Amino acid sequence: MDREHMAADLAKVLLTEEQIQTRLGELAVDIWRDYEGKDLLLVGVLKGAVVVMADLMRALPGTAPMDWMAVSSYGSGTKSSGVVRILKDLDVDITGKDVLIVEDIIDSGLTLSWIKANLESRKPASVEICTLLRKPDVVKVDIPVKYVGFDIPNEFVVGYGLDYDERYRNLRCVGTLAPHVYE
Ligand SMILES: O=P(O)(O)OC[C@H]1O[C@H](OP(=O)(O)OP(=O)(O)O)[C@H](O)[C@@H]1O
Ligand SMILES: Nc1nc2[nH]cnc2c(=O)[nH]1
């Protein structure tokens with residue numbers, strides 16, 4: 001699918017590339033200040049967080065290591081299954097480290113509350129969460145999120161790492177899909 005068709009599949013742009021980059025710059029400064037003197041490790045959750053990780057880490061005023069986890073929490077559609085399985089674990093031992101989980105979106109919160117508990121069991125110094133997007137349903141699970149880019153309405157969104165059936169991840173904005181895409 002070419003770019004023209006991809007753009008035509010969007011019903012609405014919720015966040016522009018510029019809005020996202022500006023907000024990530026602010027978060028990066030906050031994170032750098034809060035983790036001064038700490039042993040910060042950025043942990044990305046594949047695959048959606050690839051784009052936010054790439055931009056967030058480059059916006060940091062300094063350098064920090066990163067690692068990745070892959071879990072399965074969704075099928076190819078738009079609904080959470082609630083079942084989380086580790087597909088790829090971290091490469092490094094996080095004992096004593098200050099872990100910052102980097103995510104693209106928190107929707108039901110099921111994925112992240114599971115990952116956070118799993119990482120906490122490995123005796124890190126701390127585990128916090130940074131997400132670009134947060135949806136309102138997350139209030140149903142008690143999961144404190146230290147860094148939030150944007151609170152968005154309860155709609156299925158794509159772009160900036162987020163997919164529908166593995167497509168649209170490379171859109172630079174975040175938007176909703178037009179009804180014809182689902183037909
Ligand atoms: O808060 P929740 O309702 O649990 O949803 C959030 C999760 O869903 C998305 O991942 P997805 O399973 O779509 O995988 P992907 O990152 O590979 O696209 C997103 O990246 C989060 O990990
Ligand atoms: N692509 C995409 N994945 C999600 N996972 C949880 N919520 C969403 C969403 O709105 N869009």
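Predicted model: local features only at pLDDT ≥ 70, side-chain atom pairs only at ≥ 80, totals over all residues.
Residues are numbered from 1 along each chain as its sequence is written, while chains are lettered from A and ligands numbered from 1 in the order in which they are written.

**Confidence**
- The average pLDDT of the chain is 93, and 95% of the residues score at least 70; pLDDT is the predictor's confidence in each residue, from 0 to 100.
- For the model, ipTM is 0.96 and pTM is 0.93.

**Overall shape**
- The radius of gyration of the chain is 16 Å, which agrees with the value near 16 Å for a compact globule with 183 residues; this radius is taken over C-alpha atoms, and the globule rule is 2.2 Å times the number of residues to the power 0.38.
- Along the principal axes, the C-alpha atoms fill a box of roughly 50 × 35 × 30 Å.
- Of the 183 residues, 30% count as buried. A residue is buried if 20 or more other C-beta atoms lie within 10 Å of its own, exposed if 12 or fewer, and partly exposed in between, with C-beta atoms placed from the backbone.

**Strands β2 and β5**
- Strand β2 (residues 40–46) is mostly covered, as 6 of its 7 residues are buried.
- β2 pairs with strand β5 (residues 98–106) in the parallel sense over 5 bridges; strands pair if DSSP finds at least two bridges between them.
- Within this pairing, G44 stands opposite V102 in β5.

**A look at T176**
- T176 sits in strand β9 (residues 174–177), and it counts as partly exposed because it has 19 C-beta neighbours inside 10 Å.
- E155 is 21 residues from T176 in sequence and 7.1 Å away in space, C-alpha to C-alpha.
- Not counting residues up to four places away in sequence, T176 touches L10, A11, K12, L14, E155, F156 and V157; contact requires C-beta atoms, placed from the backbone, within 7 Å.

**Around ligand 2**
- Ligand 2 is surrounded by 9 residues, and the closest are I105, D107, F156, V157 and L162; near requires a C-beta atom, placed from the backbone, within 6 Å.
- This shell divides into 7 nonpolar, no polar and 2 charged residues. Ala, Val, Leu, Ile, Met, Phe, Trp, Tyr, Cys and Pro count as nonpolar, Asp, Glu, Lys and Arg as charged, and the others, Gly among them, as polar.

How values were computed
Helix = DSSP H or I, 4+ residues; strand = E, 2+ residues; numbered from the N terminus. Contact = placed C-beta atoms within 7 Å.
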